[in-house]
Structures are given as C-alpha cells and as structure tokens.
Amino acid sequence: MPLRLIEPARWMTAGLMVMSLASSAAHADEEARSRPLASLSTGFRFTEQTGEDLFASACQGCHMPDGHGATGAGTYPSLSKDGNLEAGGYPVSVIVRGQKAMPPVGAMMSDDQVAAVVNYLRTHFGNQYNDAVTADDVKRVRP
Amino acid sequence: MANESETVSRRDLLSLVGSVAGSAAMYQAMTSLGFASETNYKGPIKLAGDTKGASVLVLGAGLAGMTAALELRAAGYKVQVLEFNTRPGGRNWSLRGGDSFTELGGATQTCGFEDGLYLNPGPWRIPYHHRALLDYCKRLGVALEPFIQLNHNALLHASTAFGGRPQRIRDIKTDFQGHVSELLAKTTQQGRLDEAVSTEDKEILLQALRSWGALDKNYAYQANLISADYRGYAKDPGGGLGAAPVAGEPIGLSDILKSRLWRYLQNFALHQFQTTMFQPVGGMDMIGKAFGREVGDLIRYDAKVTRIQQNDDGVTVTYVNSKTRSAPQIAKADWCVCTIPLSILSQIPIDVGPRMKAAIDAVPYASAVKIGLQFKRRFWEEDEAIYGGISYTDLPIRQISYPSSGFNRSGRGVLLGAYLYEGANAYEFTSMAPADRIARAVEFGSRIHPQYGAEFENGMAVAWHRVPFTLGCAGSWSEKTRAEHYDNLCQIDGRIVLAGEHASYIPAWQEGAILSALDAITRLHERVVRN
C-alpha cells in the first residue's frame, strides 16, 4: 500500500488520509508490482541513474511494471522475451529518437542513463542479451 | 490540455526568444510551434450543393468526430460513427461520484466525490478566442461560466526560496513590476536612454513607469500606501478606531529574481490563458453530452477499429466489440473521416499512401497527469480567501487549481491537486499506481496548504498514457515534424481524410479538434460535389 513509499514523518498527521486512500482502491496486483520511487526528479530530466530505477520511472508507465505492455484501443508492446532487443542498437534508437507515438524519452536522459536502462531491459523480463551497450553507442544515435 | 509546464519547456524557450529577440520574433516562434494561432472560425459551416446520396463513416466520437457527423448529416449525407468508448466525448470527459475508470494495466478507481463535484481529466478551460467551440456551446445549449485563470490572491511557490513559504501572486507581480519600473526610471533619468527615447517621450515614459510600477514621486518603489494599493496591505483598511491601513514591505528584487517565481507570471499573460476563460457549468463533458444528444443515434459504441481499407468504390472498416472482442464486423461507406488519435491510428493497418502513413507515424504523444482531490471543506476559500484561480509550484504537482464554481459555499470541495505535463515527473507519476499518485499529490500539496492533512478525503488520478482510448494526452508536434508531415497528414488520401486536435495548429485544445473537422469536411464536400 502507498504508505511504504512516503517518509513516515509526513504521514504522522495523515492517518485519515491513509484510510481514504485504501478505499479508493487501485487493483491489488497492480500495486504489488508497482515499485515506487524513493524520490522524484527535480527538473525536466530524469535524475534516476540505475537501469532499474529508470525503468520504474520512465518505461513502466506504458510498458507496465512487469514489462508485458497493455492493450486498449491500441497496444503498448510487451518487452518480455523480446526478440527486438537482440540488437542493442534498436532499443537505443527507439529511446533516443522515439517511435511512432512513443516519445523520445531518451531526450530527458544522459547517454549513460539510456545505456543503463537499455542494459537493464536486455537482461531482465526474460531477456538475456549480455553484450552491454555503452554511452558511446547512445551518443552516436542521438538525433 | 495545453499546459504551463515549468520545466525546460517550449515555453521557457519562448521566454528566452522573447527576451532576447523581442516580441515579433517571439510571435513568429510561437506560431511555428503552434501556440499563438488565432482561431479561423467564420461562423456556422455551410455545405451547399448536392451530396448525391453519398455516405460517410466517421471514426471516433470525440469533438472532431461529432462535429463532422453533425454537419455532414445536416448537409444530407448518410452518416455512421464508430466509437471505442461507451460514451460520446472522447477526451472531453468528466469524472463524478460513482464513476469508475480502469486504466491500462488494470487498475480501477471508483470516484468518491460528493454529488455536484467533478474532475475534468482532459480539457478544462476555454479561451474567449476559441470561437468555434463557443459557437457550438451556444448552438447546443451548453451553459458556460467563467474559468478563473488569474487570481491575484493565489500562490506562487518555489521549494528553495523564501524558506519554502508560498508567496501571493499579487506580491510577486506588483513587486517585480515596481522594481523593474524603478530601475528603468533611474536609467531614463540618468540620460542613458537618450538615444532610444526622445526628450518628449522621456517625460511620458517616466509618468508611465510611475503609474505602471506604483512608484512614489521620487520614482522609488517602496513600502507605502501607493504600492499597497496594488500589492495589498500588511493591515487592511477597516472601519472605526484603529482602522488605518498599514503598508507591507515589498519583496526585494534580488529575492524575486533568484526565486524564479517571475517565470509563472507568463501563465497569465499568454494569449491562450488571458481572461475571459470559460468552463461548462457542471463539467467539461456537458459539451460531449450535448453533441451526443444531437448525433448519438448515429454512433455505434464499444467499437474498436482494427483495419481501414479503401478502393475506388468506397471505404471498408473492420471493427470488433471493444469489451467482448467479438468476431470482426464491417462498416462501409463512400468516404471516411478518421479522428482516431495518431497514437492508435499508427497501429491500425490503413490503406493510405506513403506520405500520409509517414505523417501518421511521425507524431509522439505527450505525457500528462491530472489528479482531483476532495476535501471536507473549502479551506482555500475559508482560511485563505482564494476563490478560484491557480497556484503554481516547482514541486512535481506543478499546480493547484481551485474550483471556479460553488464559491463561498459550506461543505466539501474538489480541487485539481496536480497537473503534470511533459518532463520526467509526468512519466514518474504515470508509472505509479493510482493510489500512489494521489498520496504523492497530497504529500506535495500539503507543503503549500498544510490543511491537506486534516481535510483530505479521496481522489482520482488520471495519467493520459494509461488511458485506453488515447494512449497519451495529445499529439506533440515539433517545428521539424510539422514542416515535413503536417500537410501530408491533412490532405485527403483517396476517400479518407483525418481530423482531430492532431490535425491542427492548436494542439491539445478542443478548438483545434473542431476547426480541423470543419476544414476536413469542407474539403471532402467540395470533392463530392465536384465529382
């Protein structure tokens, strides 16, 4: 539940709030999978540095915490066991240049951050591509 | 949904252009980025001429699609509409008590707002110069009321300035203007503007600065009843004994500059946010519902389009039931007006030429999050005399907007507790579970209004990248993509024409959707009549 991600001090005075939030009922599984961030970015760009934190702050909004994507009128593709990740240059390019409606979220990240999140994607969610991409690989693809 | 994001944004770029290159350059830059464009509405559309019994299939029952349906039927076309949702309106949408909303990923929120209170997750204000939208509101009987964009008594907040204490907009505005006027007056008096200002104009300029900047007779800006007439008083004038007003001490220029609070003042100066702004009485979806009353009989709801084909004889659209995923069904017509957001259309197989297809694939969709919070009482009015308007902050919630209706009533109120648009925070909030978004909005908002802790009851959080019917807030054009793709997106391709806010120079505004639809059906009709 939401309590665990907030510094306790701020919530000492907010007992009532917590009860109300619980009743506003987000799906239980969703909450369990959603790994909240300790702190948020302070400007236009992402301040998270690790691949795991960047995934949790940028990618999972659409591709979901389990990386499986989602479908409504359109679809966010699954990144799980994703053959498209085999060549590291592909996710680098999608992240820094965007693709169709996907915004170029790499514009809000450094080369190191893009490399970190790509390397995280390519070694998690059932993907096992161990040839890491580097910041230089990212730099070359920047628009 | 266009928004005054306070990060490194296009608007920061515009401020820079404005300050360095002057207003003409700024206007030019704004026009090319699609912000400053005036509406080109010329009154109700007239589609004269023989429609020859032609039929039109409209895809999407948002404002663009329903405008097209309404006008095409009136012109004599046989019209049918396919819509993904179970309601008309699309992004024109309001959430009220009892409504439930399931976002992508499966999280369901049930709205706990009291009767009469609502959140507009999408569009929420209408500029006075959005003449097409205003005209449809008039024609369809949608009652409007003022939307308060500027409230001098609302707050500006920088987490690292003034010890984190929010400042009144009237103080920052008056003091900033006063200090700048004083500086300019000094410079003028020292003769340092003599090359730029004639002797005659110099005297007038000094008078103007004194008036505009609330300067005293020595052209100084300081604590006195002149400046207090603008910024308000340390002790307000009253009646009877001891009633004399006391002027407050202006905030120093350096403090204002360093706080960066001046940057929020543009949110009240920009053409798109100037008074008078409006909102429909009772919620923005009153517009979608009014359109729905007109054209609802033409709409097939719960229809998810899966394929769009055309040949010399007509258009064939395949769709399934968006809830039951039924066996595919077919709709046919002579022509098609497609208002499906590009975020979705780019994923649907469609028979159009390579240039239109490239345009459909060229537009990223913006990230935006809105959070409505219900409180036990309208403490912003009762405790702080803030009646409507918007407080701005550099915290991730970006702004708090107070309701522009129900003023001065006892009891509960719902305010907009966060409106994030682009930047890392919008993605971070989208990535959270809804209850976590609400918890964060309450946590951050309580730094501006400590009453949050005792008064908060419940909330609704809508992250537009998780909205099943749009997969994003709105089309996000750049100067480069507009130059390369915009005309190709808007051209009629065979029997198909696109419409929607994405096919306009007023992106993310309802006016853009309507003007785009009117332009599209005008050109389509010309083609039908000519053939």
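**Notebook: chain B, backbone and sheet**

I started with B:Tyr219, which counts as partly exposed because 18 C-beta neighbours lie inside 10 Å. The classes I used are buried for 20 or more other C-beta atoms within 10 Å of a residue's own, exposed for 12 or fewer, and partly exposed in between, with C-beta atoms placed from the backbone.

I note that this is a predicted model, in which local features need pLDDT of at least 70, side-chain atom pairs count only at pLDDT 80 or more, and totals for chains, interfaces and linings use all residues. Residues are numbered from 1 along each chain as its sequence is written, and chains are lettered from A and ligands numbered from 1 in the order in which they are written.

I looked up phi of B:Tyr219 and found a positive value near 65° in a residue other than glycine. B:Tyr219 sits in the loop between α6 (199-213) and α7 (225-231) of chain B. Helices (H or I, at least four residues) and strands (E, at least two) are DSSP runs, numbered from the N terminus.

I then checked B:Arg260, a non-glycine residue with positive phi, near 65°. Its loop runs between α8 (253-259) and α9 of chain B. B:Arg260 is partly exposed because it has 14 C-beta neighbours inside 10 Å.

I found a cis peptide bond between B:Thr275 and B:Thr276, with omega about 0°. B:Thr276 lies in the loop between α9 (266-269) and β13 (277-280) of chain B.

Last, I traced an open sheet of 5 strands in chain B, ordered β14-β2-β1-β18-β24, with parallel pairing. Its edge strands, β14 (299-300) and β24 (496-498) of chain B, each pair on one side only. Pairing requires at least two DSSP bridges between two strands. In chain B, β1 (residues 55-59) pairs with β18 (residues 335-338) in the parallel sense over 4 bridges. I noted B:Leu59 opposite B:Cys338 in β18(B).
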